[in-house]
Amino acid sequence: MTTEGGGAIAFPVMTIALNISPIVARDFSLMIQSCGLTAAAFTIFFMSITIEWHSIVFSTIGAIFGIVFGLEVVDPLLSPAEKKMAFVSIFFSFALALYLLNSEKKRVTFDSIQNFTVIKALTLIVNGFIGGIFTGVAGSGIDVYSFSILTLLFRISEKVATPTSVVLMSANSMVGFFWRRFMDDAISQVGAIVVIRPALPLLCASAALITLSFAFYYSIGRYGKLMANRHLILQQNAISLACIS
């Protein structure tokens, strides 16, 4: 099982390989994920698989507002080519950062966010909002953003972060589909557009986005490692003091 829903495959295939409009691909992604990921979420709950509830609650709060903002404000501002480049850039940079961090030996991980505070709650809300915006543009986003924050910053085990992201993407997909169908009444019909080769400025912007995104993911991963090590040191000190007393 992976964190990404069907939209992670459907969107690039429909837009890049089949030359279909990003709006059509996004709506299609939201619809199939509303069914598929909801079934996956039901299975997760039914089997009592461990998930990170702090992330579920606070990321969902941000994601609900984020996807509406993405659908109504951000999406109309972007051209089809920009949407495709944004999708590819974010996923590619995340893959690079995750690969480098997973190359670490004996990486310290947890099953839940340690020492949960208001700052961490706000971090999850903001992360959910950003992921929701991306979902409103490309049909997926909160899943990869949630997974990245949980694993790289909070050092949550992939076995916990994966089902958590699935549940988040399921809820966000249903919100997006509901908004497009009943609020906008604009579920688009499947159609095709002619793909024009991206202009040089767009390619440069994509390269810059990949670099910045990679630096961001890598930085929060390193910071998360420092926090995890600090938490272990505090635990060891507490155990030592308990033994002495």
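A cavity, on a 1 Å grid over the protein atoms alone, is a set of points where a 1.4 Å probe fits but cannot get out. Grid points are joined across faces, edges and corners, and a volume is the space filled by probe spheres set on the points.

I am working with a predicted model, where local features need pLDDT of at least 70, side-chain atom pairs count only at pLDDT 80 or more, and totals for chains, interfaces and linings use all residues. Residues are numbered from 1 along each chain as its sequence is written, and side-chain values use heavy atoms, with hydrogens and water left out.

**Cavity.** I searched the whole structure and found one cavity of 30 Å³ or more. The largest cavity has a volume of about 40 Å³. Which residues line the largest cavity? I listed Thr60, Ala63, Ile64, Ile142, Leu168, Ala171, Asn172 and Val175 (lining means an atom within 4 Å of a point). I then sorted this lining by class: six nonpolar, two polar and no charged residues. Helix H7 gives the most to it, with four residues. Helices here are DSSP runs of H or I, at least four residues, numbered from the N terminus.

**Thr135.** I placed Thr135 in helix H5 (residues 118-138). Is Thr135 buried or exposed? I noted Thr135 as buried, because its relative accessibility is 0%, and buried means under 20% relative accessible area with a 1.4 Å probe, protein chains only. I also checked Ser29: its C-alpha atom is 9.6 Å from that of Thr135, although the two are 106 residues apart along the chain.

Methods: 1 Å grid on protein atoms, 1.4 Å probe; cavity = no way out; pocket = protein on both sides within 12 Å on 5 of 7 lines; lining within 4 Å. Helix = DSSP H or I, 4+ residues; strand = E, 2+ residues; numbered from the N terminus. Nonpolar A, V, L, I, M, F, W, Y, C, P; charged D, E, K, R; others polar. Buried < 20%, exposed > 50% of the residue type's maximum accessible area, 1.4 Å probe, protein only.
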